[in-house]
Amino acid sequence: MNNKLINTEVQDLKTEVEYRTNLQEICNKIYAALNLDEIIINLKDEIMGLFAAERMTIYYVDGVKREIVSRFKSGDEINEIRVPISPASIAGYSVHTKKLVNIKDVYDKTELNKIDPLLVFDSSWDRKTGFRTTQVLVVPVVYKTFLLGAVQLINKKGGNVFTKAEEGYVTELAKIMGIAMYNQKRMAKTRSGKFDHLLENHIMTQKELGSAVTEAREKNEPIENILLNSLKIPKKDIGDALSKYYKVPFIEFNKSLPIPGELMTGLKVPFMRNNFWVPIKTEGETAIVAVDNPHDGQKVGEIQSLFKRPVKIYVALRDDILQYINLFAQDEKELASIDDILSRLDDEDDEIVEAEAGVSEESSAVVQLVNKIIADAYNRKASDIHIEPFPGKENTKVRIRCDGACNIYQTIPYQFRNAIVSRLKIMSELDIAERRKPQDGKIKFKRFGGLDIELRVATIPTQGGLEDVVMRILAAGEPIPLNKMGFAQQNYDRFVDCITKPYGIIFVCGPTGSGKTTTLHSALGYINKEDIKIWTAEDPVEITQKGLRQVQVKPKIGFDFAAAMRAFLRADPDVIMVGEMRDKETTHIGIEASLTGHLVFSTLHTNSAPESITRLLDMGMDPFNFADAILCILAQRLVRTLCPDCKKPYQPTRAEYDELIREYGTEEFKLFMNIPYSDKLVLYKADGCDACNKTGYRGRMGLHELLMGTDEMKKLIQTKAKMEDLRDQAMKDGMTTLKQDGIAKIFEGKTDLLQVRKVCIK
């Protein structure tokens with residue numbers, strides 16, 4: 001019996017000595033290795049054999065994303081494993097807690113709960129690979145206070161649990177790997193490579209970088225393109241790497257960036273394209289220039305010599321630089337490029353004088369510049385263009401409004417401000433000699449620039465004897481279907497009920513640019529049938545529809561809205577739409593028409609539906625006639641919507657939820673919405689992507705406030721009740737305010753409170 005015991009102890013001792021000898025050899029090779037990735041690949045069979053494991057994974061910490069990523073793994077079913085540093089996976093838990101984990105069966109929830117109640121095994125990897133995980137031994141790789149990764153062994157051969165001795169051996173192995181990883185990271189910092197940031201943060205491996213370099217050579221492409229397209233590395237990470245390497249800021253393409261007109265003057269597009277650089281903007285007196293290689297001293301020197309001002313260099317990807325050049329110097333078939341136009345302006349003083357004298361200069365640079373501004377604004381889906389000259393030698397600013405927000409489009413040298421304004425006046429058939437009074441007109445752009453669009457033009461005298469020009473690009477094409485207008489279901493049903501009535505008057509109110517005309521045309525489109533005769537009087541006719549008889553009013557010759565209305569009443573109408581009721585006569589005729597069997601639509605410039613009633617009564621309308629005629633009043637605003645491609649879901653805090661309820665009104669919220677606060681409540685917030693130009697917002701939708709002409713409301717109108725009483729009655733009749741409709745759309749994930757507050761007060 002004693003001999004057997006002695007033999008067993010001797011055998012165990014021999015086994016331990018073999019273990020230690022083999023472990024020591026492995027550790028020595030790792031410690032002496034120059035390339036840790038290669039040595040682990042060479043030693044994988046020895047390491048797995050030492051522990052009798054079926055598989056092994058070496059994880060590195062990705063500090064940027066708070067994940068661990070497989071730097072090496074046996075088994076080739078998947079390319080890479082990434083798991084969060086959290087109890088959501090066994091390896092992630094080990095790194096998160098800096099503790100060794102030894103599990104006999106990962107599918108045994110009782111065993112996992114004993115380690116930590118939050119610990120779970122992510123079985124999705126088994127489902128992806130078809131490999132069944134059972135035993136797992138994980139040890140975090142730590143050097144001093146630096147958390148560097150983890151060693152994971154999977155499935156002990158024979159189905160046994162990994163032993164206490166093996167726990168000790170793998171801990172020793174992890175210590176040696178920690179020293180090796182730390183040394184390799186420190187050595188990497190002393191080397192200077194363009195993509196060290198990506199390697200150090202384990203966003204990619206050295207092997208992947210080598211493959212990318214080879215592929216770039218074969219395809220004759222920049223390596224950045226391969227990293228973006230083949231390895232799917234985010235542009236932001238590549239930009240961070242280039243910024244750290246070149247020690248200059250990184251800039252990526254943004255199509256809403258203003259065109260730096262004064263910097264483009266005199267520059268040649270082919271020269272910039274061939275050498276991959278472009279001026280981006282000015283900061284004070286400094287010109288910001290994007291370059292693909294800021295270490296190219298000759299290129300940087302040439303750039304600095306071209307500008308009579310200080311130059312600051314940024315780094316950018318070649319493709320982004322080319323996109324900026326195309327944006328700033330876009331060659332349209334009918335238009336010259338922006339740099340050619342601006343470079344030629346200096347030589348055209350005589351042509352500018354002719355333009356101011358009213359001579360059309362179809363071939364001049366000024367003409368081409370104006371055409372390009374309009375075409376670019378239309379292509380960027382702008383609603384308005386603002387030409388803003390300044391006194392002295394300050395350059396003229398051109399701004400465009402997209403989705404309700406003004407952005408700088410470009411700047412134009414100050415010498416040519418009068419020529420630009422004169423050219424626009426010629427196109428609008430305005431008096432170019434008159435600079436003291438405001439003027440308004442219209443441009444049919446097809447005559448000048450090829451695009452079949454119309455612009456409403458207003459000139460306004462400003463300080464220093466100058467004139468601002470504001471152009472509204474008129475919406476063209478078919479009306480938007482009524483069910484695509486963003487109505488809440490109750491508002492939609494009630495509004496449709498009103499517009500299908502045989503007679504009465506309907507108002508749509510709101511400030512300029514709030515979509516009133518669009519809504520009216522959508523309503524007309526809904527009822528536009530062969531058996532209904534519809535007349536419209538507009539100034540100007542923005543949207544055309546088949547089946548409508550549309551009239552452009554011309555106040556200068558006495559053909560105003562009132563005259564149009566009188567003419568319509570003699571032309572057998574069923575429905576009349578008047579662009580705006582801006583005076584007593586037009587409003588009176590509209591109400592009379594609605595009382596004599598016609599359905600009348602119109603707009604008002606008021607802030608809310610109840611205010612519209614007060615405004616109309618103040619204009620002198622008979623309260624009894626008006627009360628009989630009114631069907632409904634729709635107040636409207638346009639709110640920017642979250643970009644559907646990048647909006648981020650999040651769980652609001654209780655305080656955020658309570659703020660939304662307070663803004664909506666506690667009692668009204670219970671009545672109309674009644675969404676309780678819970679852990680499952682999800683709202684959305686802006687983030688930013690290429691599709692929305694990093695703003696987080698794309699497009700707009702309507703907010704609506706619908707006041708119905710109920711019997712109770714009609715009684716209040718007849719008694720000329722106060723606006724507060726009208727509002728209270730409207731709320732009793734089921735009206736939700738603009739802000740309440742906006743908050744409902746926040747809960748639907750379409751916008752956020754910041755945007756709602758920008759367009760709503762109450």
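Which residue follows helix 30, and near what value is its positive phi? Helix 30 is followed by Gly749, with a positive phi near 80°.

This is a predicted model, in which local features need pLDDT of at least 70, side-chain atom pairs count only at pLDDT 80 or more, and totals for chains, interfaces and linings use all residues. Residues are numbered from 1 along each chain as its sequence is written, and side-chain values use heavy atoms, with hydrogens and water left out.

**Covered helices**

Helices (H or I, at least four residues) and strands (E, at least two) are DSSP runs, numbered from the N terminus. Helix 30 covers residues 738–747. Ten of its ten residues are buried, so helix 30 is largely enclosed by the rest of the structure. Buried means under 20% relative accessible area, exposed means over 50%, and partly exposed lies in between (1.4 Å probe, protein chains only). Among the buried residues of helix 30 are Lys739, Asp741 and Lys745.

Helix 17 (residues 365–379) is also mostly covered. Here 13 of its 15 residues are buried. The end C-alpha atoms of helix 17 are 21 Å apart, which agrees with the 21 Å that its 15 residues should span at 1.5 Å a residue. That expected span is 1.5 Å times one less than the number of residues. Just after helix 17, Lys381 takes a positive phi of about 60°.

Six strands form an open sheet in the order 3-2-1-6-5-4, and the pairing is antiparallel. Two strands pair if DSSP finds at least two bridges between them. Strand 3 (82–84) and strand 4 (101–103) are the edge strands, each pairing on one side only. Neighbouring strands are turned by 25° against each other on average, direction ignored. Axes are lines fitted to C-alpha atoms, for helices over the stretch in contact, and angles run from 0 to 180 degrees between N-to-C directions.

Strand 5 (residues 136–143) joins strand 6 (residues 146–156) through eight bridges. Tyr143 stands opposite Phe146 in strand 6. Helix 3 (residues 90–97) lies across strands 1 to 6 of this sheet, running at about 35° to strand 5. Contact means heavy atoms within 4.5 Å.

The whole structure holds three cavities of 30 Å³ or more. On a 1 Å grid over the protein atoms alone, a cavity is a set of points where a 1.4 Å probe fits but cannot get out, and lining residues have an atom within 4 Å of a point. Grid points are joined across faces, edges and corners, and a volume is the space filled by probe spheres set on the points. The largest cavity has about 380 Å³ of space. Of its 25 lining residues, the closest to its centre are Tyr59, Ile81, Trp125, Gln152 and Ile154. Strand 1, helix 3, helix 5 (124–129) and strand 6 each give two or more residues to this lining. Strand 1 gives the most, with four residues.

Strand 19 (residues 575–578) and strand 20 (residues 599–604) run parallel, joined by four bridges. Ile576 stands opposite Val600 in strand 20.

Asp574 sits in the loop between helix 22 and strand 19. Asp574 counts as partly exposed, at 33% relative accessibility. Its C-alpha atom is separated by 7.9 Å from that of Pro502, 72 residues apart along the chain. Not counting residues up to four places away in sequence, Asp574 touches Asp531, Ile532, Lys533, His598 and Leu599.

**Strand 15 and its partners**

Seven of the eight residues of strand 15 (residues 466–473) are buried, so strand 15 is largely enclosed by the rest of the structure. Its two antiparallel pairings are listed here.

| Partner of strand 15 | Bridges |
|---|---|
| Strand 10 (residues 384–388) | four bridges |
| Strand 14 (residues 454–462) | eight bridges |

Ile385 stands opposite Met471 in strand 15. Arg456 has Arg472 of strand 15 as its bridge partner. The hairpin of strand 14 and strand 15 has three residues between the strands, and in it Gly464 takes a positive phi near 80°.

Notes:
1 Å grid on protein atoms, 1.4 Å probe; cavity = no way out; pocket = protein on both sides within 12 Å on 5 of 7 lines; lining within 4 Å.
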